[in-house]
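Colleague: I've got a few minutes before my next run. Can you walk me through this one?
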Amino acid sequence: MSTGSGADSAPAPTSTHESTTGGTFSSLKIRNYRLFATGAVISNTGTWMSRITQDWLVLSLTGSATAVGITTALQFLPMLLFGLYGGVIADRLPKRQILLVSQAMLGLCGIALAVLTLSGVVEVWHVYLVAFLLGMVTVVDNPARQSFVSEMVGPAQLRNAVSLNSANFQSARLIGPAVAGVLITTVGSGWAFLLNGLSFLAPLVGLLMMRTNELHASVRVPRAKGQLREGLSYVRGRPELIWPIVLVGFVGTFGFNFPIWLTAYADEIFDGGAGMYSFFNILMAAGSLAGALLSARRRSTRLRMLVAAGTAFGLLEIAASLSPNVWLFSILLVPIGMLGLTTNITANTSVQMAADPEMRGRVMSLYMMVFAGGTPVGAPIVGWISDTYGARVGFAAGGAISVIAALGVGFALARVGGLRLKVDLRPGRPHVRFVPREQLATAA
C-alpha cells in the first residue's frame, strides 16, 4: 500500500495536493471497492434504521433528552478510552480479516437488541449495554475500515473513494430513517433492530468475494513496544495532521449531537412525533449526500476548505437554533448536513493522504477517537443543557463552539504556514485574506 505523502515530502500545512482521476464515481470501476460499497450501503441502511429506532425507544422509555445523550455517549465511550489501541491492531493485522470478525459482531449486537425488544422485556439499561458493546467493536472496526479503503483503490483514487464512502453512508441515511419511521408506527421497534442485524450479511459476503490478489500491498507493522507512543509523536510533529484532528474533535464533540437536538425539536418545540424526527434526519441526509458528491468531484483537498466549512457549519447551527417555525428549521438542516459532511470528508482525506502507510491505522484511530470519542464528553453536556435551558440553547452552544474552533484552527494553520491576515478596504480588492508574511513586509 502506498501513499501520496511520505515523511520526506509532507504537504504544506495549508493544503494537501492529491489528484483524483476519472470523475465522481471513478472508484466504483474497481471490483473490490464496488463489492465493499454495495455491502456498505445495505448495512448502513440498517444502521440508520437502528439509530433512529434506538433514540426514539430511549426517549419513549425515559422521556429524557439526557437519556438519549447517555445512550449516544456509551456507544462512543469505548472509542475515547481504547481508540488508539484499535489503530495499533489495525496496523498489525490484515484489515480484511479484522472486518470479517467486526462486521459479524455488529450484526449480532443488532439481533440481540431485536430479541429483547420483540420479547417485550427491553429496558433502558439493555439499550445502554448494547450501545456500549457496539462501541467496543467499532474501536477496531473503524480504523481497519478507514485504512482498508487505500488497499482497495490505491492512492490515486483515495480521495474519491473516501468521498463515495460518505455518499454511501448518507444515501443510506435517506432510506433508513424513512423505513424506521414506518416500522416504528406499524409493527414496532423490534423489527427495525432485526433488519439491522441481518443487514450485516451483505458486507460479509462482499468481503468474502473480494479478489485478494487485486488489493494494493499493505504495510504490516510487527508487534513491538512503544507503538502507541510512536503514533502520537508522529501526529504531534505534523501540523497537517494535528490541526484537522483538533478541529473535527471540537465539531464532533459539540456540533454533531443531532440525536439529542432533533428528538427535542421534534417532540417538544414543534410538537411532532417519530415521523417528524425521521423527516428531520432525511433532510440532513439529503444535504450530507450533496456534500459528499461535491467532495467526490473535487480533485484536491485544501485545508482552507476545512476551515471555511467548519465555520459556516457552526454559524448555520446557530441560525437553525433560532428558527421560529418548523419550515425554516427544516430548510436549514439541508446546508447544515452539507457543510458538516464537507468538514468531515476534507479532514478525513487530508489526514489519510498525509499519513505514511505504516502509520495510517494509528493515525486514523486517533482521528476517529477524537471525532467520535468526544461524544461521551459532549453528548451528556449538551443533553443537560438542552434539558435545563432548552433545546435552542443547546443547539446554539454547539454551533458557537464549532465556529470558535474552526477560526482558531484557521489562524493556527496560517501561523504555521507563514501567513498573516491582511485587511484591504480599497474597492475591487479582497477585503480580508491570508497572505505570506514576506508580502506584508514588502507592502509595508
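Modeller: Start with the accessible surface, about 17,800 Å² for the chain. Carbon and sulfur atoms hold 67% of that. Keep in mind that this is a predicted model.

Colleague: What share of the residues is buried?
Modeller: Buried residues are 56% of the chain's 444.

Colleague: And how many helices and strands?
Modeller: The chain has 17 helices and 4 strands.

Colleague: What about contact range? How much comes from residues 24 or more positions apart?
Modeller: Take the contacts with a separation of 6 or more. Of those, 84% are between residues 24 or more positions apart.

Colleague: Back to the surface. Which residues form the nonpolar patch?
Modeller: Leu80, Leu81, Phe82, Tyr85, Met136, Val377 and Ile381. Together they have about 600 Å² of accessible area.

Colleague: Which helices supply at least two residues each?
Modeller: α2, spanning 65-92, and α15, spanning 375-389. The largest share is from α2, with 4 residues. Tyrosine 85 sits in α2.

Colleague: Where does glutamate 268 lie?
Modeller: In helix α10, which covers residues 258-269.

Colleague: Why is glutamate 268 called partly exposed?
Modeller: Because its relative accessible area is 43%.

Colleague: Switching topic: asparagine 32. Buried or exposed?
Modeller: Asparagine 32 counts as buried, because its relative accessibility is 1%. The cut-off for buried is under 20%. Asparagine 32 belongs to helix α1, residues 31-62.

Colleague: What does asparagine 32 touch, leaving out residues up to four places away in sequence?
Modeller: Met152, Met210, Arg211, Glu214 and Leu215.

Colleague: One more residue: glycine 337. Which helix is that in?
Modeller: Helix α13, residues 326-354. Glycine 337 has 2% relative accessibility, so it counts as buried.

Colleague: And what is glycine 337 in contact with, neighbours within four places aside?
Modeller: Met284, Gly287 and Ser288.

Colleague: How does glycine 337 sit relative to alanine 286, in sequence and in space?
Modeller: They are 51 residues apart in sequence. In space, the C-alpha to C-alpha distance is 7.4 Å.

Definitions and conventions:
Residues are numbered from 1 along each chain as its sequence is written. This is a predicted model: local features need pLDDT of at least 70, side-chain atom pairs count only at pLDDT 80 or more; totals for chains, interfaces and linings use all residues. Side-chain values use heavy atoms; hydrogens and water are left out. Buried means under 20% relative accessible area, exposed over 50%, partly exposed in between (1.4 Å probe, protein chains only). Patches are made of residues with over 30% relative accessible area and no salt bridge: like charges are joined within 9 Å, nonpolar side chains (Val, Leu, Ile, Met, Phe, Trp, Tyr) within 5 Å. Accessible areas come from the Shrake-Rupley method with a 1.4 Å probe; for residues, only the protein chains shown count as cover. A salt bridge is a side-chain nitrogen of Lys or Arg within 4 Å of a carboxyl oxygen of Asp or Glu. Contact means heavy atoms within 4.5 Å.
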